[in-house]
Amino acid sequence: MASISKLSNPSPASSLSSTFNPRASQPKCLIGFLTTTTNFSSKVSSSKLSIRSKSSLKGSLVVRCSQGDGNGSPAKRTYLHDLYEKEGQSPWYDNLCRPVTDLLPLIASGVRGVTSNPAIFQKAISTSNAYNDQFRELVQSGKDIESAYWELVVKDIQDASKLFESIYDQTDAGDGYVSVEVSPKLADDTQGTIEAAKWLHKVVARPNVYIKIPATAPCIPSIKEVIANGISVNVTLIFSLTRYEAVIDAYLDGLEASGLNDLSKVTSVASFFVSRVDTLIDKLLEKIGTPEALDLRGKAAVAQAALAYQLYQKKFSGPRWEALVKKGAKKQRVLWASTSVKNPAYPDTLYVAPLIGPDTVSTMPDQALQAFIDHGSVSRTIDSNVSEAEGIYSALEKLGIDWSYVGNQLEIEGVDSFKKSFDSLLDTLQEKANSLKLISL
């Protein structure tokens, strides 16, 4: 198992197996898994992270459509079940498309929640005909394009949340959430974000739905206000420790300002992005070009995440937090986002395996989820060597890496990416309306 103490340059993905290609084409919506039995283990040396399989993977992951055969066969246990039951980490799926019933085999495989964002809906709606009938009805009824978009999204969120209700109920509002994001155009609008979150909460009208709010500086006060109104929030686009602490404080401030005697149903997760950090910092290290700099490639993201978990443990302890616990408050779990590997030279579970720990969530897109189910390994790794994480973080600073710049730049890129996806989808819907001759040019 890879631990933070051994995060030297990740081994090439080719060392995993020539038959497993995490970058192979993926289906639009992941449905299920068929894998051959493998005996996979991770072995780490002090100088190089090397992942070796005791036996080669025989065959590859197979995705198949769900079929209600009614045979009542129990679901096969996977590493996802072990993540939650043994280590207290909730595996979520970072994707959503129609039909949402395609999520059922994933739930049986151990998935306990779903995250969505504008980019996910852009892909789902623009590449599928499953939305055409509802879209036609909406436009014919007089809805404008953006209003129609939100109705398409709300239906998906409502339908998906229904599938996770039992998990939500079994955990007393601790898990089983589906997330939907406010318009990315509001990332710099404090009051607009508050109103949008209230509106989404009202129209979705499901207890196990998180309203996603970006962790931009203007939206930090929005988070406090929305929490104070008793609305559960997924805070997204967190890229730095400084901003993460501000997010935690906004959650605590909101709980305290709510005036509620029972805080047990007001919950939150803080989505701390991982792989994008390495993508940016690796480029900076390559520009520096020294052996020391190049040796730190692929280490920054996991190191910062490990320190984020330390901050989480510190902030959710002590007198202030204990006073809120007496009113039923739940910790704002840290959620590891952006867990897919962007660099094909890195192991395909690089942003999952080293970040396992209690009271956390790992949301995984198709690639990462398939990889972990196929050859994951479950043990507590998030705080296995905090001093090493601190050393990596400091070493990067000494090389001239400005963590504040990294956080700000990634936030700008993240917000801009979601805005482009949102605008692109609206353009696609306009074109679809025109093609259906529903709206005159």
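Just after helix H7, alanine 205 takes a positive phi of about 55 degrees, where helices are DSSP runs of H or I with at least four residues, strands are DSSP runs of E with at least two, and both are numbered from the N terminus. The model is a predicted one, in which local features need pLDDT of at least 70 and side-chain atom pairs count only at pLDDT 80 or more, whereas totals for chains, interfaces and linings use all residues. Residues are numbered from 1 along each chain as its sequence is written, and side-chain values use heavy atoms, with hydrogens and water left out.

**The chain overall**

The secondary structure of the chain comes to 16 helices and nine strands. Of its 441 residues, 56% count as buried, a term that means under 20% relative accessible area, with exposed meaning over 50% and partly exposed in between (1.4 Å probe, protein chains only). Among contacts between residues at least 6 apart in sequence, 79% join residues at least 24 apart, a contact being heavy atoms within 4.5 Å.

**Helix H7 and its surroundings**

Helix H7 (residues 190-204) has 15 residues and reaches 21 Å from its first C-alpha to its last, close to the 21 Å expected at 1.5 Å a residue; the expected span is 1.5 Å times one less than the number of residues. At the start of H7, a side-chain oxygen of aspartate 189 reaches to within 3.4 Å of the backbone nitrogen of glutamine 191. The buried residues of H7 are Gly192, Thr193, Ile194, Ala196, Ala197, Leu200 and Val204, and what covers them includes helix H5 (145-163), strand S4 (178-181), strand S5 (209-214) and helix H8 (220-228).

With H8, the axes of H7 come within 8 Å and cross at roughly 30 degrees, where axes are lines fitted to C-alpha atoms, for helices over the stretch in contact, and angles run from 0 to 180 degrees between N-to-C directions. The crossing of H7 and H8 is right-handed, which is to say that the near helix is turned clockwise from the far one by less than a right angle, a left-handed crossing being anticlockwise. In this pairing, Thr190, Thr193, Ile194 and Ala197 of H7 meet Pro221, Ser222, Glu225 and Val226 of H8.

The axes of helix H9 (residues 241-257) and helix H12 (residues 300-315) come within 10 Å and cross at roughly 30 degrees. H9 and H12 are therefore roughly parallel to each other, since angles under 35 degrees count as roughly parallel, over 145 as roughly antiparallel, 65 to 115 as roughly perpendicular and the rest as oblique. H9 passes H12 in a right-handed crossing, and the residues that meet are Leu241, Tyr244, Glu245, Ile248, Asp249 and Leu252 in H9 and Gln304, Leu307, Ala308, Leu311, Tyr312 and Lys315 in H12.

For helix H16 (residues 403-435), the 33 residues should span 48 Å at 1.5 Å a residue, and its end C-alpha atoms are 47 Å apart, which agrees. Aspartate 402 caps the N-terminal end of H16, with a side-chain oxygen 2.9 Å from the backbone nitrogen of serine 404.

Serine 271 is found in strand S7 (residues 268-273). Its side chain is joined to that of asparagine 234 by a polar contact of 2.7 Å, meaning a pair of N or O atoms within 3.5 Å; within protein, one must be able to donate a hydrogen and the other to accept it, and residues adjacent in sequence count only if both atoms are side-chain atoms. Not counting residues up to four places away in sequence, serine 271 touches Asn234, Val235, Thr236, Leu237, Ile238, Leu335 and Ala337.

| Residue | Class | Relative accessible area |
|---|---|---|
| Serine 271 | buried | 3% |
| Serine 338 | buried | 11% |
| Aspartate 172 | partly exposed | 42% |
| Aspartate 427 | partly exposed | 49% |

Most residues other than glycine have a negative phi, and most peptide bonds are trans. Phi of aspartate 172 is near 55 degrees, a positive value, and this residue sits in the loop between helix H6 (165-170) and S4. Phi of serine 338 is near 55 degrees as well, in the loop between strand S8 (333-337) and strand S9 (360-364). The peptide bond from arginine 98 to proline 99 is cis, with omega near -5 degrees, and proline 99 is found in the loop between strand S3 (89-93) and helix H2 (104-108).
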